[in-house]
Amino acid sequence: MKKQARPHSFLFGVFGVTLSCVFVLFTSLVMAKTPPADAVPVGNSVCLDCHDDVGIDFAKTMHGTLLNKVSDNSCESCHGPGSAHVENEDPDMIINPARQNQFDGKSTCLSCHNTDNFSNWAMADHNAADMNCSSCHTIHSDDVAWTSGKINNLCTECHLDVKASAFMPSHHPLKEGNMSCLDCHDPHGGGATFAHESSIRELCFSCHPEKEGPFIFEHAPVNEDCMLCHSPHGTVADNLLTQTEPALCLNCHSMHFHAAIEGWDGAFTTPQAPERAGTTTADGWKEGMLTKCSQCHTEIHGTDLPSQTISTSGNALTR
Amino acid sequence: MKRIFTILLQSLLLVALTFMVAAGQEEKIEETYSVWIGSSYTDFTDYTKKIGEFRNGDDEFLPEFSIDYLSRGINHIFSLNGKYRDENNIIADMSSKIGDGFSADFKYRSMFKQAGQDMLANLETREAGGGKMLTHEILDPGADYYVHRKEIESSFNLRLSKKNNIRLIAAHRTVLQTGIEQHIASSHCFSCHLTSSTATIDKITHQIMAGLQADLGKNTVGYQFGYRIFESEAPVNVADFDDAIHPVFGTKGAEFGSRMIYEDVTLPVGEYPNTEKLSHKLTFKGDAGKSSYGSSISYSKATNKNNDLSSTALSGSAFYATSLADLTRLIARFSVARLDVESTFVDLPLYRDGRPGTPKDFDFTRYSSLNRLDLRGSVEVISRLNKRLTASFSTGIRLVDREYYPADDADATTTFFGQAKVRYRKGMRYSTSVKYRFESSSNPFTSARGLFEARGRSILNSVDGTAFVYYWQREDLRYQDITTVPTQAHILDVTSSWRPNNKVNLNVGFKAKYDKNDNLDSLDISHFSMQPSLALNVNIDPKWTVSAGGSYAFKKSRGPVTIALFDG
Amino acid sequence: MYTDTVSAPGDPLEIETVHYGSAYTMADYETISQNLYLTTSYIYSPKLKFHGMVGYNRSTAEMDRVFFPDVSTQTEGDLAHSDFTFENMHDYSNLDYELMNFSLGFEYMISKDVVWTAEGEYADLKDNEGYVYDIESGSMLMIRSGIRFAF
């Protein structure tokens, strides 16, 4: 008898929301670090009295180049007026963008970098994970990740499982430098440029459009989710398949009934075409039918051309 | 159409170059460039296609060079990076920014992928004491299969007006794929015969995205248009299909032939359809105090030009993020998509027309399994409990209601999830997060008529006018709703980062997932995976850095293996 | 009842079958991928830097042996020309790869604006199972050297 799914997780979630509301009431208020209202700018030279090592490197960066030319308060354009910090030598009296988080409202960086790339940051997973701009970007020294290799190294510093997947026998060419994580992912919370809709299928079709169809003869899991069969970061089986054939296919399909035929043991020719000759074993039909289904079912993502037999309604995806 | 895209691409480049030249008049604060000139030698031994999957080396010295250029001024930045490894491996990136009113990016990538040749050695056998045969033929032994993929991508962002910050956004990408690939065609009767041949790859994809964006107070509205075409310009591959006759005696052509759509003919195989896709998207985003919100509506239509079928997607999404208190946030997300594919009538010859008994009509209307309504909603609450501890709880639902689904009672899949996450952070030196997620699905995706039937589930009657029972009659007896897709899943994700000092950094991760399908008491269908990982970076001294790490990925799945008890 | 299909020419093709259902069993499928790496960089002097890497990956994929229960009672002794033992099928598609790779390189500053770079990489793949492409074992050696000019 089929069991009805019980929404355990829904009740769990409601409980969780209630619990967090309780926490809200009792949470101590720890305000984000900001300068006092009466703080005033002090100028770069004062900042460099203590932070000269930072200043030297910063002057060579994009931000430093731009800001130092137009202002003597380039440090305070991000860190806020520093008089209170200087007077009290208190790190809590200056803005530290590296410590800003999702509870501090809009970050310092987003006050200038407010283009469409970053407008989804409020709902981004990285933001919800308490990361900020400094988690990946260095501001005081030049280390902008322009190239694929550097970006991939940056992402895989935290995403260790993805780094390991790139070394599996079948993988997208990330470690070879031919692709970068940004080809599929947007770390700032947005979507891929050329994915017309927000779905896994659409993302895959933006580079593999020949699989989209729509086809006359379909394969239902292709319409469902590419990840039913594929794992895009890396797999042991070929073609980024989660399992080798036939094991993958047997999850949903019975074996071909010809797999149970007793095989001929020895040499043979086909009487109607003697040039088609071969040798085989008693297990020959098993080897034929249970090694790689896509040797015959080549158009596994769908096709417009019917397969040969009428009784399969042309839907065997062999042509 | 190709010409239009080429012109568009050239125009984008021209615009970028013009601005770069203009920017060149500005005083440069910094300008650096470097050129690397060298050579490489690559030597392969034994089987090269797996170890050299993405490399194309010849046993000789090949020239290589790379270039890096950077120019910065008060109001501009321009960079160019390029690497030439060989004619099949080239990377070039160009980026330009003028003030905050214009930016352009250009990317070129050329890469190479080899593939092995399946010699079909397992496809050779004959039925003991009977007539069925399985044979194969390699028409091009020793073929060197490869794909050469070249990609050009350009994008630019131009502010048209400071008032309301009206911006024009455009992007273009062209992907060219050339090479040769293996194609296998199968022919029934007089033997199951598979032929392997070489098919030419010549695919081209053009994509453009263009849009306008404007700020209205604290809100941003935008419109985006997208267009993509895919064409295969390779000659169509063909294969021969045998005459449907008895494999041993060469007779019974009428009987076997009456079961085939085609026989004794040469037909196209493995065609890539030319497709076209266009889309429209409206977006609206904004901030109100500590709240952020956004929504979008999009419509896209994809057409297969070979069969003139179209699929449409109408979708909408919304998100709302706000502060419930100083240290508590709420994020709500919602999306809905309606997908439709045109149905089509498949007209087939009558099965066993002209043979004893009543011929059967296998014509059918193909209703697409893609037709559906896909609804998602989730709510997440994140709270900073104290200086070191952050907790989040989220819950959500996904409903997929399929319109045409052959499996009874499986047309709507409902998935609930609940997730809890706790993060502990001690300053900048130590953090650990633990995440647990639970998912519960009813009626997960099922391969209707895919898996086995029980003995005697129903009575098979022979076809009218004959004494025969055919295999296709048994397909209707298969279970409609057995699936190995899970009905419940448990996911655990633990990550930890420790930086005791400026010299040492240790990252540890552990992921585990267990899911099962508990709809059928008699079948134990389950999947388990786990992956511990570790990465250690040590700056031993200012001169010496060492990184080490490892990962162990384990996956186990348990599912049914079935075969029909049939001797046809 | 089963009638031999290879009958004399002219006989009608008669195969009468009885609906015996399916044989089924449960089978496990496992993949394991182990990955280890070590990279290092060493600044020998202001003019000379070294870097190196060692990596190892072992990936396997295997299916359990498939044992169907005895089907003779289910088929009433019919289907005599069929063989429902599949105990070797797991061998047809198992995978077992071992990959070792090493790289070593240096950068030598000839002058402030001229740097000589060189690196070598060796990768060896062992295929212990073989699939439809037969044994895919192979190795690759790459040597690269050049001069960087800064302006």
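**Exercise 1. How far apart do the C-alpha centres of domain 1 of chain B and domain 2 of chain B lie?**

Before we start, please keep in mind that this is a predicted model.

Step 1. Find the domains. The assignment for chain B gives domain 1 (1–272), domain 2 (276–384) and domain 3 (404–425 + 432–568).

Step 2. Take the C-alpha centres of domain 1 of chain B and domain 2 of chain B: they lie 26 Å apart.

Step 3. Look at where these two domains meet. Domain 1 of chain B brings 18 residues to the contact, and domain 2 of chain B brings 21 residues.

**Exercise 2. Work out which element gives the largest share of the side of domain 1 of chain B that touches domain 2 of chain B.**

Step 1. Pick the largest share: strand 11 of chain B, with 11 residues.

**Exercise 3. Describe chain B as a whole.**

Step 1. Count the elements: chain B has 27 strands and 3 helices.

Step 2. Check the extent. The C-alpha trace of chain B spans about 90 × 60 × 55 Å along its principal axes.

Step 3. Ask about burial. Chain B has 568 residues, of which 36% count as buried.

**Exercise 4. Trace the largest nonpolar core through the chains.**

Step 1. Note that this core has 47 residues. Those with the most contacts inside it are M255(A), A259(A), L290(A), L194(B), I563(B) and L565(B).

Step 2. Find the elements behind the core. Those giving two or more residues include helix 12 (284–289) of chain A, strand 10 (192–216) and strand 27 (544–564) of chain B, and strand 1 of chain C.

Step 3. Zoom in on A259(A). Leaving out residues up to four places away in sequence, A259(A) touches W285(A), K286(A), M289(A), L290(A) and I563(B).

Step 4. Look for another core. A second, separate one has 17 residues, among them A164(A), V236(A), A553(B) and V132(C).

**Exercise 5. Describe the contact between chain C and chain A.**

Step 1. Count both sides: 22 residues come from chain C and 21 residues from chain A.

Step 2. Locate the chain C side. Strand 1 (22–45), strand 2 (48–63) and strand 3 (95–111) of chain C each give at least two residues to it.

Step 3. Sort that side of chain C: 10 residues are nonpolar, 11 polar and 1 charged.

Key: Residues numbered from 1 in each chain as written. Chains lettered and ligands numbered in written order. Predicted model: local features only at pLDDT ≥ 70, side-chain atom pairs only at ≥ 80, totals over all residues. Contact = placed C-beta atoms within 7 Å. Helix = DSSP H or I, 4+ residues; strand = E, 2+ residues; numbered from the N terminus. Nonpolar A, V, L, I, M, F, W, Y, C, P; charged D, E, K, R; others polar. Buried ≥ 20, exposed ≤ 12 C-beta atoms within 10 Å, placed from the backbone. Domains from an automatic or database assignment. Core = buried A, V, L, I, M, F, W, Y, C linked by C-beta atoms within 7 Å.
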